[in-house]
Amino acid sequence: MIDDEHESSLLQQIVDFKKRRGLLIEDKEIELKWTRVEEEWKNSQKTGRRSRYEEYLDIFFDTLRTKILSFGYMFLEKTDYARVEADFAAQQPDNKHNFFFMLYFQFLYHCFIKNQVKQSPCQILIDNRDMGAEGAQYDVDKLRQILNRRAYRDIVPKYQLTLSSELERRISESIQFVNLAESKDEPLIQLSDLCAGCVRYTLETELPAPEAESQIALFPSEPRLIIKGVTSGRDELVSYFYRRLRAIDGYRDINLLRPSYHHRFNIFPLKFSQ
């Protein structure tokens with residue numbers, strides 16, 4: 001999540017980075033994807049140049065450190081996902097979209113809307129990957145309506161006096177739109193996908209938090225740390241991500257294997273009752 005006032009400057013920073021590192025040639029943009037991390041790492045090993053994926057992550061951490069951007073990740077065990085999805089399909093065979101709505105509602109509401117949106121207008125873009133059910137596209141505006149109803153219900157009972165019609169309208173329309181977008185066209189979705197890949201890899205491999213002395217060098221003149229046991233591009237990028245995160249004031253104690261409720265870096269474990 002990023003505030004409107006900072007979006008254009010951040011996007012320009014990303015454009016400048018991509019031009020400088022050969023990712024934007026004659027207005028044709030090369031998409032940065034988690035699935036290409038290994039390929040980038042191999043190229044970096046051959047050329048001796050710094051990984052462009054690490055440099056892309058630097059943009060994320062600079063904006064996180066200056067409190068311009070917020071990041072949220074919802075973690076759900078694969079066994080829980082399969083079980084609950086099957087239950088939804090059995091109970092609502094004619095509406096498979098509801099499972100999608102439920103997951104995204106939980107994620108957006110608990111990671112962002114509940115604590116950060118309030119009455120401020122908000123626009124949501126969702127990566128358009130496998131978003132259809134049996135060839136149909138989701139009616140994402142339905143998700144907008146559900147989120148707005150919940151935001152309204154959360155805020156309105158807290159006021160004892162009757163709200164003005166204008167304030168009621170602002171609250172009930174806090175989420176202005178929800179839309180599907182192609183990641184290749186949205187640099188911020190690419191950045192989010194890369195960060196989410198690092199968090200997911202940490203959780204799936206149960207990567208321990210780095211020790212204090214293995215946090216990343218803050219100045220270019222310092223020698224770069226060689227991580228013992230690193231065997232692949234993903235290992236190296238995730239180690240970089242983890243150490244860079246813990247180098248930020250207020251995040252030094254963060255452990256990605258545990259729930260995190262830092263205001264601007266939220267790991268939200270979703271648990272279903274049996």
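Mentor: Let us start with a pair of helices: the axes of H1 and H8 come within 10 Å and cross at roughly 75°, where axes are lines fitted to C-alpha atoms, for helices over the stretch in contact, and angles run from 0 to 180 degrees between N-to-C directions. H1 and H8 are therefore roughly perpendicular to each other, a label given to angles of 65 to 115 degrees, while those under 35 count as roughly parallel, those over 145 as roughly antiparallel and the rest as oblique. In this pair, Glu7, Leu10, Leu11, Ile14 and Lys18 of H1 meet Pro187, Leu188 and Gln190 of H8, contact meaning heavy atoms within 4.5 Å. By class, the residues of this contact between H1 and H8 are five nonpolar, one polar and two charged, with Ala, Val, Leu, Ile, Met, Phe, Trp, Tyr, Cys and Pro counted as nonpolar, Asp, Glu, Lys and Arg as charged, and the others, Gly among them, as polar.

Before going further, please keep in mind that this is a predicted model, in which local features need pLDDT of at least 70 and side-chain atom pairs count only at pLDDT 80 or more, while totals for chains, interfaces and linings use all residues. Residues are numbered from 1 along each chain as its sequence is written, and side-chain values use heavy atoms, with hydrogens and water left out.

Now to H1 itself, covering residues 4-20; helices (H or I, at least four residues) and strands (E, at least two) are DSSP runs, numbered from the N terminus. At 1.5 Å a residue, the 17 residues of H1 should span 24 Å, and the end C-alpha atoms are 25 Å apart, which agrees; the expected span is 1.5 Å times one less than the number of residues.

The buried residues of H1 are Leu10, Ile14, Phe17 and Lys18, buried meaning under 20% relative accessible area, exposed over 50% and partly exposed in between (1.4 Å probe, protein chains only). Seen down the axis of H1, these buried residues fall within an arc of 95°, so they line one face of the helix, the arc being that of the directions from the helix axis to the C-beta atoms. They pack against strand E1 (24-25), strand E2 (28-29), helix H3 (52-65) and helix H8 (187-205). On the other side of H1, Glu5, Ser8, Lys19 and Arg20 are exposed. Just after H1, Gly22 takes a positive phi of about 70°.
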